[in-house]
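This report looks at how a protein surrounds the ligands placed in it, and then at some details of its backbone. Please keep the sequence and the structure in view while reading.

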Amino acid sequence: MSATSVIGLQWGDEAKGKIVDLLTDQHDIVVRYLGGNNAGHTVVCNGETYKLSLLPSGILHPDKVSVIATGVVINPKAFLSELDSIVDRIGDKKSELLISDRAHIIFPYHMLEEAALEKSRKNPIGTTMRGIGTCYRDKAGRTHAIRMGDILRPDYFRKRLEEVVPQKNVIIKALNPEAEELNVDEIFEEYSAYAERLKPFVIDTTAYLHKAVAAGKRLLFEGAQGSLLDVDHGTFPFVTSSNSSGCGIHNGSGVSERIISCMIGIVKAYTTRVGGGPFPTELDDEVGELIRKTGNEYGTVTGRPRRCGWFDAIATGYSARISGVDCITVALLDVLSEFEELKICEAYEIDGVKTTDFPSHVEDLRKVIPVYRSFPGWQSDITGITEYDDLPENARKYLDALEKIMGVPVEIVSVGPDRKQTIFKKNFIK
Ligand code: GDP
Ligand code: IMO
Ligand code: MG
């Protein structure tokens, strides 16, 4: 296959890191194309756990290339500290690393603005406070945006800071009168030092990827966040500020998604969400608590407890259509092993009307009464199973129902965090 993509179909944390790591062997280049250090992707290999935020999950493969493409927003301090900690652990066994000169840079004022804006909302978005949304806003607004290519040109960079920082001070002061003034010289000095270290990695990744595709290299696109957090198609305004569905691959990488022969959507066997916003199948009871405990559902980035609930096939079916996925990976199926009864949401009821459409307005989403179908649990340990047919019958029935309601076939099942705890269906071509 020429290119594969792994896209989260829920509100993030669907185990994208694990699946990307697993598929890296069959590819040459792993491309992160959106988000920033709001993402937290876990890879478990040889008993070691790696939490990756800005680095593509391909970084652990020495013979591959990891690309941080144009659509990513980069906090250089966070990036360099993540890189240093990986180098400390795996030394020169990391992949080659390239960063787009078009990627936008996160500055201290982005975090300050975000903190003030979140505080001012009656109903906060519950962001990761990493300056992601404010950096993307500046990118779209252009006037205050600074890119990777800019910070590598000292005179240009200084001039840009002289234009931007005084205006940012006015904005931040208006939002929070107690905020400290930011200083052009200090930011210039700090970021110029980062630029020196970043320089060897920075290239025009778009041109690089185009040449790689022409040379027959196989690309693996690593999604971040999830389709329901997509700024256009997600549960707006409780979303992230980029196209985190499959729609973001093309604009975030500069490579047409038409080269992708296998678009993999990934879901958890249940649902989680971090931060604010509607969540129709949320379980605010002991069942939700048991999922959180068994699945260790605490945010990889912020450590916040994740909200938990039953599998929502209406929301994920919608995401699968938005992202145009060919098949599904169901992860964390083992987390449901203890339950006597399981539920899948197969329709929504809003104001007494039943629908299988995903509502566009947050107010309607809040009104949703999920219509559930119940399933008997399997109540046995599945973490050592490696063949689909060896899964308990009730687990297969649960997966069958999930794929029927979503309308997309399940091809991969994950029954534990380790690489080995993965079941590929027979017809899946890796
Ligand atoms: P990502 O952001 O989509 O890469 O997902 P995260 O890393 O934030 O969250 C997924 C969590 O589930 C991580 O702690 C993984 O190690 C873990 N995990 C992945 N697959 C499985 C699985 O099949 N079963 C269990 N129990 N844990 C898993
Ligand atoms: P991965 O890649 C889960 C959520 C935040 C918040 C909203 C907006 O690990 O799946 P932001 O800081 O992006 O402006 O926050 O989006 N969010 C995530 N939730 N996994 C993620 O990434 C997320 N990235 C952002 O919790 O609700
Ligand atoms: Mg995560």
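## The residues around ligand 1

The residues that form the shell around ligand 1 can be sorted by class, and they divide into five nonpolar, seven polar and six charged residues. The model is a predicted one, and every distance and area in this report has been computed from it. Of the 18 residues around ligand 1, the ones that come nearest are Lys16, Gly40, Thr42, Asp334 and Ser414.

Which domains each give at least three residues to the shell around ligand 1? They are domain 1, which covers 3–100 + 201–261, and domain 3, which covers 266–424.

## Polar contacts and cover of ligand 1

A polar side-chain atom of Ser414, one of the residues that come nearest, lies 2.5 Å from an oxygen atom of ligand 1. In the backbone, a polar atom of Glu14 is 3.0 Å from an oxygen atom of this ligand, while an N or O atom in the side chain of Arg306 is 3.3 Å from an oxygen atom of ligand 1.

How much of ligand 1 does the protein bury? Taken alone, ligand 1 exposes 590 Å², and the protein buries 89% of that area. Ligand 1 sits in the second largest pocket, and the elements that give two or more residues to its shell are helix H1 (16–24) and strand S3 (41–45). Helix H1 provides the largest share of this shell, namely three residues.

Ligand 2 sits in the largest pocket, and of the 20 residues around it, Asp13, Lys16, His41, Thr128 and Thr240 come nearest. When the shell around ligand 2 is sorted by class, it has seven nonpolar, ten polar and three charged residues.

Gly40 takes part through its backbone, where a polar atom is 2.9 Å from an oxygen atom of ligand 2. On its own, ligand 2 has 550 Å² of accessible area, of which the protein covers 97%.

## Two details of the backbone

Where does the cis peptide bond at Phe236 and Pro237 lie in the chain? The bond joins these residues with an omega of about 5 degrees, and Pro237 lies in the loop between strand S10 (219–222) and helix H9 (248–253).

Another detail concerns Met129, a residue other than glycine whose phi has a positive value, near 60 degrees. Met129 is found in the loop that runs between helix H3 (108–120) and helix H4 (132–141).

Notes: Residues numbered from 1 in each chain as written. Chains lettered and ligands numbered in written order. Predicted model: local features only at pLDDT ≥ 70, side-chain atom pairs only at ≥ 80, totals over all residues. Heavy atoms only, no water. Near = heavy atom within 4 Å. Polar contact = N/O pair within 3.5 Å; in protein donor to acceptor, adjacent residues only side chain to side chain. Areas by Shrake-Rupley, 256 points an atom, 1.4 Å probe, with all protein chains shown as cover. 1 Å grid on protein atoms, 1.4 Å probe; cavity = no way out; pocket = protein on both sides within 12 Å on 5 of 7 lines; lining within 4 Å. Sits in = over half its atoms within 2 Å of the grid points. Helix = DSSP H or I, 4+ residues; strand = E, 2+ residues; numbered from the N terminus. Nonpolar A, V, L, I, M, F, W, Y, C, P; charged D, E, K, R; others polar. Domains from an automatic or database assignment.
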